[in-house]
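Visitor: I'm new to reading protein models. Could you show me how to look at one?

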Amino acid sequence: MKILNFSTLDCEHKVESLFWVDGEARHAYIESYHDCVSFDATYMTNMYDMPFTPFIGINRHGQSFMMGCAFLRDEKTPSYKWLFETFLEAMKGKVPVSIITDQDVAMRNAIASTFPYTNHRNCRWHIMDKFTGTIGPILEKDEELEGDFKECMNHIVTPGEFETAWEAMVAKYGLQNNEHFQRLYALRSSFVPAYYIHCFYPFLKSTQRSEGFNAVLKKYVNPNMSVLHFVRQYQKIQDKCLVAQDGQDFKTDDRDR
């Protein structure tokens with residue numbers, strides 16, 4: 001498996017950031033699967049104390065696969081900007097149509113700068129989880145409010161309909177001055193489904209595919225591995241993903257004959 005890698009060095013010639021992608025994933029992204037990317041920066045326990053950041057795609061069978069990974073020195077905007085610019089260079093300038101991430105401000109700034117025309121959606125689960133302790137108790141006390149809230153958040157089709165439904169709900173239950181509902185409302189365009197009706201996010205409302213990959217990765221690596229050993233283990237995982245995809249391709253092609 002051919003690996004394409006990029007890196008930067010600090011003033012002491014130590015690796016600051018490292019990105020790599022294999023040939024199969026690069027080809028798949030460029031030719032077919034640049035429509036939706038899940039990106040997550042999760043601190044893995046490793047000997048370099050560097051955040052691990054995988055780009056995860058979804059193939060035509062709904063399976064997750066890796067479209068490149070990186071180790072970054074930190075989670076600041078310049079580091080993310082370098083990574084996204086490097087990703088574009090590796091992928092021949094092919095920009096993702098849609099991307100889903102958590103709410104990290106530095107990440108959002110880098111995406112806005114590097115992928116200005118990409119649809120950027122935040123992880124719904126993380127946002128709602130932050131409000132569980134504040135809005136949750138209010139909803140539990142009023143079953144009718146809870147029903148209207150879920151209807152507004154889950155079943156409204158367009159932004160205009162959402163605005164109308166939210167305003168009606170707030171007025172009906174006297175929530176105009178509730179700071180928690182106000183804060184959630186302020187985030188609406190970054191995660192509420194109604195604002196992404198024309199965007200392609202297959203089976204995605206959260207970054208769970210990225211987090212799921214991290215769980216798989218932990219089965220293959222340990223904190224004392226070198227970067228070289230880590231990349232070798234990465235190849236094993238990618239090979240396993242490709243075998244699963246080939247098997248599903250065979251079943252699909254055989255069924256279509």
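Guide: Let's start with two rings, F55 and F87, which are both buried. Buried means under 20% relative accessible area, exposed means over 50%, and partly exposed is in between, using a 1.4 Å probe and protein chains only. Keep in mind that this is a predicted model, where local features need pLDDT of at least 70, side-chain atom pairs count only at pLDDT 80 or more, and totals for chains, interfaces and linings use all residues. Residues are numbered from 1 along each chain as its sequence is written, and side-chain values use heavy atoms, with hydrogens and water left out.

Visitor: How many aromatic pairs does the structure hold?

Guide: Rings of Phe, Tyr and Trp (its six-membered ring) pair if their centres lie within 6.5 Å; planes under 30 degrees apart count as stacked, over 60 as edge-to-face, and the rest as tilted. By that rule there are 20 aromatic pairs here. F55 and F87 make a stacked one, with 4.3 Å centre to centre and 15° between the planes. This pair links distant parts of the chain, since F55 belongs to strand β5 (residues 51–58) and F87 to helix α2 (residues 77–90), 32 residues apart. Those element names come from DSSP runs, numbered from the N terminus: helices are H or I with at least four residues, strands are E with at least two.

Visitor: Which way do the rings of Y80 and F84 pair?

Guide: They are stacked too, at 6.2 Å centre to centre and 15° between the planes. Y80 and F84 are 4 residues apart in helix α2, so about one helical turn separates them. Both of them are buried. Zoom out and you'll find that ring pairs link F19, Y29, F39, F55, Y80, F84, F87 and F115 into a cluster.

Visitor: Which strands pair with β6?

Guide: Two strands pair if DSSP finds at least two bridges between them. β5 and β6 are antiparallel over 6 bridges, and I56 stands opposite M66 in β6. Their hairpin has 5 residues between the strands, and G62 takes a positive phi near 80° there. Strand β6 (residues 64–71) also pairs with β2, again in the antiparallel sense, over 3 bridges. Across from each other you'll see L18 and F71, as well as W20 and C69.

Visitor: Why is β2 called largely enclosed?

Guide: Count its buried residues: 6 of the 8 in β2 (residues 15–22) are buried, so the strand is largely enclosed by the rest of the structure. β6 is mostly covered as well, with 7 of its 8 residues buried.

Visitor: Where does a charge sit over a ring?

Guide: The test is that NZ of Lys or CZ of Arg is within 6 Å of the ring centre and within 35 degrees of the ring normal. R188 lies over the face of Y185, at 3.8 Å from the ring centre. The charged end of R121 sits over the ring of Y201, 5.1 Å from its centre.

Visitor: What volume does the largest pocket have?

Guide: Rolling a probe the size of a water molecule over the atoms shows where empty space is left. On a 1 Å grid over the protein atoms alone, a pocket is an open set of points where a 1.4 Å probe fits, with protein on both sides within 12 Å along at least five of seven lines; lining residues have an atom within 4 Å of a point. Points are joined across faces, edges and corners, and the volume is the space filled by probe spheres set on them. The largest pocket comes to about 220 Å³.

Visitor: Which residues lie nearest its centre?

Guide: Of the 13 lining residues, those are M128, I135, G136, L139 and F149. The elements giving two or more residues to this lining are α4 (124–130), α5 (135–141) and α6 (143–154). The largest share, 5 residues, comes from α6.
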